[in-house]
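Hi,

Here is the model I promised to pass on.

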Amino acid sequence: MITPNIHLNLKGNAMFNITKQQVLDAFNFRSACRHYDTSKQISKEDMDYILELGRLSPSSVGSEPWKFLVLQNPEIRSKIAPFTWGIKHPMEEMSHLVIILTRKNVRYDSAYMRENLVKRGLTDEQIEAAIARYKSFQEDDMKLLENERTLFDWSTKQTYIALGNMMTGAALIGIDSCPIEGFHYDKVNQILADEGLFDLNEYGISCMVTFGYRNKDIKKKSRKSTEEVIEWIE
């Protein structure tokens with residue numbers, strides 16, 4: 001486990017004692033884990049840390065359109081199991097299963113977006129200016145208001161920032177993970193909604209992610225070369 005010390009330099013910037021190589025090592029270690037060690041469970045402290053990385057993640061216009069359901073209930077897990085083909089192992093094998101929800105109706109003029117601005121302590125004038133900017137952004141810049149799915153997909157994109165941060169942060173302390181999109185969205189959404197876990201009018205599932213400790217070596221992942229994916233424009 002990497003436990004960085006944090007201090008401020010003379011300019012007030014945060015400085016960490018994590019080396020670049022340690023971060024790269026964590027990225028190389030992280031790979032989609034398909035088989036977990038059932039004898040090892042993630043501690044509450046470590047899981048809280050992983051979830052906090054999701055909560056602290058950035059999002060477009062500070063929308064934070066996510067909610068994280070830590071689904072440990074074996075009965076509910078068994079109900080969604082037939083429709084989650086992306087989870088290759090039995091549902092009880094991973095230590096933790098997180099369902100990432102995306103908030104619906106994140107229009108610029110929604111009560112939710114206004115509440116976010118109020119929480120930031122903005123004045124009424126600043127709030128109205130921000131809403132006008134969001135309207136232009138959603139309506140003109142990104143064409144998000146053409147239909148509900150377009151806006152929902154934009155909201156979903158924000159949750160993937162949190163997903164990546166949680167998986168990277170887990171790898172930094174030696175915990176494995178696997179992002180899951182392989183499931184029947186309508187059926188799993190309905191099952192979880194019927195269990196009272198969320199309101200389908202307010203949220204929809206973005207993706208899932210499993211966490212635990214691998215019980216076998218994972219084949220070294222393949223990635224495109226630096227030359228194929230990076231181009232400097234100077």
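Below is what I found, going from the whole chain down to a few residues.

First off, keep in mind that this is a predicted model. The protein has 234 residues, and 39% of them count as buried. There are 8 helices and 6 strands, and reading from the N terminus you get β-β-α-α-β-α-β-α-α-α-β-α-β-α. Along the principal axes, the C-alpha atoms take up a box of roughly 55 × 55 × 40 Å. If you look at contacts between residues at least 6 apart in sequence, 75% of them link residues at least 24 apart.

As for charge, I get 30 positive and 33 negative side chains, and the centres of the two sets sit 4 Å apart.

Now the domains. The assignment gives two stretches, 31-104 and 157-214, to domain 1, while domain 2 covers 108-144. Their centres, taken over C-alpha atoms, are 29 Å from each other. How much area do the two bury between them? It comes to about 550 Å², 56% of it on carbon and sulfur atoms. Val61, Ser63 and Arg103 supply 68% of what domain 1 buries against domain 2, more than any other three residues. In terms of contacts, 8 residues of domain 1 meet 7 residues of domain 2.

One is helix α7, residues 185-194, where the buried residues are Val188, Asn189, Ile191, Leu192 and Ala193. What do they pack against? The partners are helix α3 (74-80) and the strands β4 (96-103) and β6 (203-212). An α-helix has 3.6 residues a turn, so residues three or four places apart point the same way. You can check that spacing against Val188, Ile191 and Leu192, which are among the buried residues of α7. After α7 comes Gly196, with a positive phi near 80 degrees.

The other is Thr156, which belongs to helix α6 (residues 148-172). Is Thr156 buried or exposed? Thr156 counts as buried because its relative accessible area is 12%, and the cut-off for buried is under 20%. Leaving aside residues up to four places away in sequence, Thr156 touches Thr102 and Ser206.

That's what I have for now.

Cheers

Key. Residues are numbered from 1 along each chain as its sequence is written. This is a predicted model: local features need pLDDT of at least 70, side-chain atom pairs count only at pLDDT 80 or more; totals for chains, interfaces and linings use all residues. Side-chain values use heavy atoms; hydrogens and water are left out. Helices (H or I, at least four residues) and strands (E, at least two) are DSSP runs, numbered from the N terminus. Buried means under 20% relative accessible area, exposed over 50%, partly exposed in between (1.4 Å probe, protein chains only). Contact means heavy atoms within 4.5 Å. Lys and Arg count as positive and Asp and Glu as negative; His and the chain ends are not counted. The place of a charge is taken as NZ of Lys, CZ of Arg, CG of Asp or CD of Glu. Domain bounds come from an automatic or database domain assignment. Buried area is the accessible area (1.4 Å probe) that two parts lose on being put together, summed over both.
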